[in-house]
Amino acid sequence: MKLFASAAEMRAIPRSAEFRNGGVSFWYREPGLPERRAALPGAADYDVCIVGGGYTGLWCAYYLKRAQPDLRVAVLEREFAGFGASGRNGGWLSAEFAGSRRRLAEAHGKGAVIALQRAMMASVDEVIATAEAEGIDADIVKGGMRMVATNPAQRARLEEEVRYLHEWGYWPEDVFMIEHGHEPRLQVDGALLASYSPHAARIQPAKLALGLAAAVERLGVDIFEDTAVTEIRPRVGERRPVAVTAGGEVRADHVIRATEGFTSTLQGRRREWLPMNSSMIVTEPLAEETWKHIGWEGREVLGDAAHAYCYAQRTADDRIAIGGRGVPYRFGSRQDAGGGTPPQAIAELWRVLARLFPVASDVPVAHAWSGVLGVPRDWCPTVHLDPETGLGWAGGYVGSGVTAANLAGRTLRDLVLGHRSELTRLPWVGRSVRGWEPEPLRWVGTQVVYGLYRTADRRESDRVCHTSRFADLATRISGR
């Protein structure tokens, strides 16, 4: 991707009269931004204090209260519940999980990694069932996931990926190759081949977050918004763990960190997880004739096999929402809390949309936004609870957090309650990862890696029929 989008390139992008950039995300345009709950009024005492009101924190609170209704649980949120990646993501409820399966297997064995994969598949259905039980209408359609290859290199890589997944917990019916024109029809320009997995659903992210927060509150959890936690302190002797805020300290038997891409804002955590930016655009609703050409009746979530990959969905009101890494990292782990998206990211996403769906290239773009996700140094997510310090955490999902957050929330429940279970034996539990390099190495490394991946994509589109060596180099540098 070019570093800057020219004025001419931006003028070429059709934008609606009501185009917005930021404002959290498009997903809040229909339900509206929620009325803020009250901030923490002062020092408080709980059994469990959860820092972060996104999917991970809300699921953790939900399952704790369902398991033990008399437990005193509080959620502290800097903005409002669902403000971060939980209300900005691409709406993929899928069984994908980040990280190297082989790296996890080295420590825990292949069987444990397969168990994690099967648990992710089950978690897709768990989210759907819980949303239905709680009356949460999040526009959920379990249409599966389709990944397309648009050049020979991508085709070879996609075929290899399916073979690889069959070794690590996917059975033949869980993921398989489909030829172009497979029903239900989805017309992607230049598609040579695609893979399909039934273990995925389209969701409306903000509706799920808002509905889950309301369900948690009905169970008796206290949610304090506009309450920024600046530091989390461990248990020291008889002194219990504490979450420090400007409004007072919250002491609890357990303090759970569920801050994902915002972890770097906590004292002493700047290098723990890298806040990776992901950006999205969404079109105005497409005309019926345009949908007749494209198809997409199955409402599958859609991605491609590029290195700088995209993710997309057909929304409930018949728009195309598409996302990608955009400008992946800002120097010093800086974040744009309001979701504003750089012009070059908007231009890049529109070019991807126009390439995959030329028939929709003149449909105006209605909204653009960005959010941050957490990336550990080894790119593997973790769930952990230290009984000595009383501190726990989960995250580092690297973009696969919609489903993983649910599994993490149930796992944290078992860890907090002291229950040994199949979940607490999964290989992502209790992992320790070294921190990221200091600046400017962190920024330079990220720019180099994503520059190499984009160069690899260009070479594969033009003349290389196999995975470019630039991509191999980027993977080695990144440590993925």
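Residues are numbered from 1 along each chain as its sequence is written, and side-chain values use heavy atoms, with hydrogens and water left out. As the model is predicted, local features need pLDDT of at least 70 and side-chain atom pairs count only at pLDDT 80 or more, while totals for chains, interfaces and linings use all residues.

A pair of aromatic rings is described by the distance of the centres and the angle of the planes. Rings of Phe, Tyr and Trp (its six-membered ring) are paired here if their centres lie within 6.5 Å; planes under 30 degrees apart are stacked, those over 60 are edge-to-face and the rest are tilted. The structure contains 12 aromatic pairs. In one of them, the ring centres of F176 and Y196 are 5.7 Å apart and the planes stand at 55 degrees, so this pair is tilted. The pair links distant parts of the chain, with F176 in strand 6 (residues 176–179) and Y196 in strand 7 (residues 193–197), 20 residues apart. Strands (E, at least two residues) and helices (H or I, at least four) are DSSP runs, numbered from the N terminus. F176 is partly exposed at a relative accessible area of 29%, whereas Y196, at 18%, is buried. These words follow the relative accessible area: buried is under 20%, exposed over 50% and partly exposed in between (1.4 Å probe, protein chains only).

The rings of W291 and W296 have centres 6.2 Å apart and planes at 65 degrees, so they form an edge-to-face pair. Both partners are buried: W291 has a relative accessibility of 6% and W296 one of 0%. Elsewhere, ring pairs join F26, W27 and W369 into a cluster.

Rings also meet charged side chains. A charge sits over a ring if NZ of Lys or CZ of Arg is within 6 Å of the ring centre and within 35 degrees of the ring normal. K110 lies over the face of W168, 4.9 Å from the ring centre, and R257 lies over the face of W273, at 5.2 Å.

W393 is buried, with a relative accessible area of 18%. Setting aside neighbours within four places in sequence, W393 is in contact (heavy atoms within 4.5 Å) with R257, W273, T382, V383, H384 and L412.

Helix 5 (residues 152–166) has 15 residues and, at 1.5 Å a residue, should span 21 Å; its end C-alpha atoms are 22 Å apart, which agrees. The expected span is 1.5 Å times one less than the number of residues. Buried in helix 5 are A153, Q154, R157, L158, V162, Y164 and L165. They cover an arc of only 165 degrees around the axis, which places them on the same side of helix 5; the arc is that of the directions from the helix axis to the C-beta atoms. At the start of the helix, a side-chain oxygen of N151 comes within 3.1 Å of the backbone nitrogen of A153.

Two loop residues complete the picture. R299 has a positive phi of about 55 degrees although it is not a glycine; its place is in the loop between helix 7 (288–294) and strand 14 (301–304). V398, also not a glycine, has a positive phi of about 55 degrees and lies in the loop between strand 19 and helix 9 (401–417). R299 is buried at 18% relative accessibility, and V398 is buried at 7%.

Notes. Polar contact = N/O pair within 3.5 Å; in protein donor to acceptor, adjacent residues only side chain to side chain.
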